[in-house]
Amino acid sequence: MTGWDGFVFSFFNARVAADYAPKIVEGLLLTIWLALLVVLSGLALGLVLAVVRAAGIRVLNWAIIFTVDVFRALPPLVLIVLIYFGLPAAGLDLSGFGATWLALTLVLMAFAEEIFWAGICAVPKGQWEAGRALGLRFLPTLRRIVLPQAIRIAVPPLTNRTIAITKGTALGSVVAVSEILGAAQSGMSFSGNPTPLTLGAIAYLILFLPVVIAGRWVETRFRWKR
Amino acid sequence: MNNFIEAFLNVEIAVAASPILWMGLVQTVLLALMTVPLGMIAGLILAVLSAQESRWVRWPLIGFVDFFRAIPPLVLLIFLYAGLPFAGLDLGAWGAVALGFLLNTGAYYAEILRAGIESVPKGQSEAARALGLRRWQVWIFIVLPQAVRNVLPDLVSNTLEVVKLTSIASVVAVPELLFQARQAQSVTYNATPILMAALAYFILLWPCVRLLSRLENRQIAGRR
């Protein structure tokens, strides 16, 4: 075999690709499902924490800031491993999927809280005062006046951060989740050929390349005017 | 409660595991010290090149950067470590980690610095050229200092992410902090070493997170 044929045989092997493509597609669906769950729960929790922080109860705010700092400082993989191998000892047994979901949700929650909070702070104080002067209570002022403006400010940084954390679903392969990378790695060890890995890389590109490009567009479209 | 302490805060195991965790921490710091400067230099080169007028230079570079931003770093690392040997190219664990991190972090730094360079008004470099500065002098004395200042919070944030990224080197058996903690955990069948590793990451990176919070708040306050 010449070098080129060897390369094609290893990385673009049609027979191996046909054998393992269904597994990779299953992995792709699992990745999408996991990513959706993480995005929904992470953003929701982050928003809740930011709203609680806006209420300005000092002890609660310290607790929120500390929690956010913890999950911003810890590598996601460390969290996944800690939850997966550690929590069973505390009587809480999570699957690899559950552990990956929980870890990435906590990380996204922390980053989203920071970004939402920054957005809330960026809304001029006069907006709050005007809302209250019109007779709205704290929560309606927040919901109808401040949050719509804050979220608009938060969209570009939030988009990029969400994409980066969603890519962390690949870390699930370390705790035996058969998402794209997990499926590709087991395909590679069964077939003794790295073609499944090529398929996996292509699956990630199909999934994330449009998101990365859209993220760049969102960033220019929603940019906070300087 | 006793079970919990036994499983997470086991003093005996903590004492026994601390020497190898310390070795791991040293490796983590070395990995970060290798990756951050290399990634920054690669990102700077990519960013300056993609600021060129010619679209034949700019578009392939944007494609390159987007490609490596779309691929999860762990996928890239596994490909370099376990895939490339099939093509007769065995980089070893450290080589795969070095190349994978370089490509990944280089792409992220490039994207940030590109935004910074774009934020410097064109009049700045035109004025500098008109004053007789050479092209490289314009970059080094006029454009880059302002570009870096404008995106400083993003640069710090990405550097923090790079240090956290080094933990995935554990997957290809580079003996850094998380790898050593998992070794200790699998030998003792106890989660204390992993909690200690988490604590070490937190102590190492908390100052960085605090600094970043301040920078970001100041940036938002400045924009109002």
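The talk below takes the terms in turn.

Modeller: Some ground rules come first. This is a predicted model, where local features need pLDDT of at least 70, side-chain atom pairs count only at pLDDT 80 or more, and totals for chains, interfaces and linings use all residues. Residues are numbered from 1 along each chain as its sequence is written, while chains are lettered from A and ligands numbered from 1 in the order in which they are written.

Colleague: How do you know what pLDDT chain A averages?

Modeller: pLDDT is the predictor's confidence in each residue, from 0 to 100. Chain A averages 90, and 97% of its residues score at least 70. Where pLDDT is low, the predicted coordinates should not be read in detail.

Colleague: What makes a stretch count as a helix or a strand?

Modeller: Helices (H or I, at least four residues) and strands (E, at least two) are DSSP runs, numbered from the N terminus. Chain B has ten helices and zero strands. Leu158(A) lies in helix H7 (residues 138–166) of chain A.

Colleague: Why is Leu158(A) called buried?

Modeller: A residue is buried if 20 or more other C-beta atoms, placed from the backbone, lie within 10 Å of its own; 12 or fewer make it exposed, and anything in between partly exposed. Leu158(A) has 22 such neighbours, so it counts as buried. In chain B, buried residues make up 39% of the 224 residues.

Colleague: What is Leu158(A) in contact with, leaving aside neighbours within four places in sequence?

Modeller: Contact means two C-beta atoms, placed from the backbone, within 7 Å. By that rule Leu158(A) is in contact with Ala112(A) and Ile115(A). Its C-alpha atom is 8.1 Å from that of Phe111(A), 47 residues apart along the chain.

Colleague: How are H5(A) and H7(A) placed, and at what angle do they cross?

Modeller: Two packed helices are described by the angle between their axes and the distance between the axes. The axes of H5(A) (residues 96–122) and H7(A) come within 8 Å and cross at roughly 145 degrees. Axes are lines fitted to C-alpha atoms, for helices over the stretch in contact, and angles run from 0 to 180 degrees between N-to-C directions.

Colleague: What makes the contact between chains A and B nonpolar or charged on the side of chain B?

Modeller: The contact takes 38 residues from chain B and 39 from chain A. H10(B) gives the most to the chain B side, with 13 residues. That side divides into 27 nonpolar, four polar and seven charged residues. Ala, Val, Leu, Ile, Met, Phe, Trp, Tyr, Cys and Pro count as nonpolar, Asp, Glu, Lys and Arg as charged, and the others, Gly among them, as polar.

Colleague: Which residues touch the most other members of the largest nonpolar core?

Modeller: A nonpolar core is a set of buried Ala, Val, Leu, Ile, Met, Phe, Trp, Tyr and Cys residues joined through C-beta atoms within 7 Å. This one has 122 residues, and those touching the most other members are Val78(A), Ile80(A), Val107(A), Val75(B), Leu77(B) and Ala197(B). H5(A) gives the most to this core, with 16 residues.

Colleague: Is Ala173(B) buried or exposed?

Modeller: Ala173(B) has 11 other C-beta atoms within 10 Å, so it is exposed. Ala176(A) has 14, so it is partly exposed. Phi of Ala176(A) is near 65 degrees, a positive value in a residue other than glycine.
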